[in-house]
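I opened my notebook to keep track of what I looked up, one entry at a time. Come along and check each entry against the picture.

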Amino acid sequence: MTDGQHTFRVLRFDSADDETPAYQTYALEASPGMTVLEALLRIQAEQDGTLAFRYACRGAVCGSCAMMINGREELACRTQVRDASRQGRTVYTGSAREEVEAPGSDAQMITVEPLRNLRVIKDLVVDMEPFFDKLVAVEPWLQPEQAHPPRERRVGPGAWAEAEPYTNCILCACCHSVCPVAEQEPGYLGPAALAQHYRFLADVRDQAGEHRLALVDGDDGVNGCDFAWNCVHICPRGVPPTKGIAKTRARITRERRGDGRQ
Ligand code: SF4
């Protein structure tokens, strides 16, 4: 039994050759339950050893295999070939998820492209360095009052609930790819970094609130967000960056008014 014959249309590019990106197609018989990542590994092993892509955990934990699958940011390791060929092409524009191409006669064609808003190094491998630089810029580590307290810092479930959703980020950069501001403004910190910023701002153990607010107070920070909500819709881990950005912005406004309520 198989999931049928599929054509993978992969956008190829090698920054070392400086050639124009071009699609290359590969035919593959998909086995039941095969993921897009497994399909790419099969293509690489059996048809084209020059095809480049990243992966590591194969379990939607490391975020390495994020790529565009039929026009949508996905983790290749958790996207089944069968589902990808059924779903048609989906894009996010503004605040709405818009189906631009329903599955039709060529529904067995699966288009695979690199993430957007990051420089392509080769094929599906993008340069993640600017993405991680932005993450480091928001200082995503705990800054407590006392570095080595005599006892552990205890956090109750109620206090942890605010920060917890943001701890699920796997730094896949799907939200950065789908963000319309990141596309226009290369200096914008972006949804992933701002989500991690809020994760520590909301952590009751952290005492660097004022300093943290200063780090993101500006057009490259929380003021840059257009509230398209694309990042919230696309995140494979259910992280809500836009909510964190809105709360950070509100807190900056309160601090400026001299009303420092959390
Ligand atoms: Fe990926 Fe979600 Fe983290 Fe963005 S917030 S990097 S989409 S896991």
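Predicted model: local features only at pLDDT ≥ 70, side-chain atom pairs only at ≥ 80, totals over all residues.

**Entry 1: a hairpin**

I began at the hairpin of E3 and E4, where 2 residues sit between the strands and Asn 70 takes a positive phi near 50 degrees. A note for myself on the names: helices (H or I, at least four residues) and strands (E, at least two) are DSSP runs, numbered from the N terminus.

Residues are numbered from 1 along each chain as its sequence is written, and side-chain values use heavy atoms, with hydrogens and water left out.

Next I looked up how E3 (residues 66-69) is joined to E4: the two run antiparallel, with 4 bridges. I noted that two strands pair if DSSP finds at least two bridges between them. Ile 69 has Arg 72 as its bridge partner in E4, and Ala 66 has Leu 75.

**Entry 2: the other neighbour of the hairpin**

I then turned to E7, which pairs with E3 in the antiparallel sense over 2 bridges. Ile 69 turned up again here, opposite Val 112 in E7.

Are the faces of E3 covered or open? Both are covered: Ala 66 and Met 68 are buried on one side, Met 67 and Ile 69 on the other. Buried means under 20% relative accessible area, exposed means over 50%, and partly exposed is in between (1.4 Å probe, protein chains only). E7 is mostly covered, with 4 of its 5 residues buried.

I put the strands in order and got E2-E1-E7-E3-E4, an open sheet of 5 strands with mixed pairing. Which strands stand at the edges? They are E2 (22-29) and E4 (72-75), each with a single partner strand, so one side of each has no neighbour in the sheet. On average, neighbouring strands are turned by 35 degrees against each other, direction ignored.

Helix H1 (residues 36-46) packs on this sheet and touches E1 (5-12), E2, E3 and E7 (109-113). Touching, or contact, means heavy atoms within 4.5 Å. The direction of H1 makes about 95 degrees with that of E2. For such angles, axes are lines fitted to C-alpha atoms, for helices over the stretch in contact, and the angles run from 0 to 180 degrees between N-to-C directions.

**Entry 3: two residues I stopped at**

I picked Thr 35, in the loop between E2 and H1. Thr 35 counts as buried because its relative accessibility is 10%. Leaving aside neighbours within four places in sequence, I found Thr 35 in contact with Ala 76, Cys 77, Thr 79, Gln 80 and Val 81.

Ile 252 is at 6% relative accessibility, so I wrote it down as buried. Not counting residues up to four places away in sequence, Ile 252 touches Leu 213, Val 216, Asp 217 and Val 222. I also looked up Ala 214: Ile 252 is 38 residues from it in sequence and 8.6 Å from it in space, C-alpha to C-alpha.

**Entry 4: two domains**

The domain assignment gives domain 1 (5-125) and domain 2 (128-257); such bounds come from an automatic or database domain assignment. The contact takes 19 residues from domain 1 and 18 residues from domain 2. The C-alpha centres of the two domains lie 29 Å apart.

How much area do domain 1 and domain 2 bury between them? I noted about 1,600 Å², 57% of it on carbon and sulfur atoms. Buried area here is the accessible area (1.4 Å probe) that two parts lose on being put together, summed over both.

**Entry 5: the whole protein**

Last, I stepped back and counted 10 helices and 9 strands in the protein. Of its 262 residues, 47% count as buried. The C-alpha trace spans about 60 × 40 × 35 Å along its principal axes.
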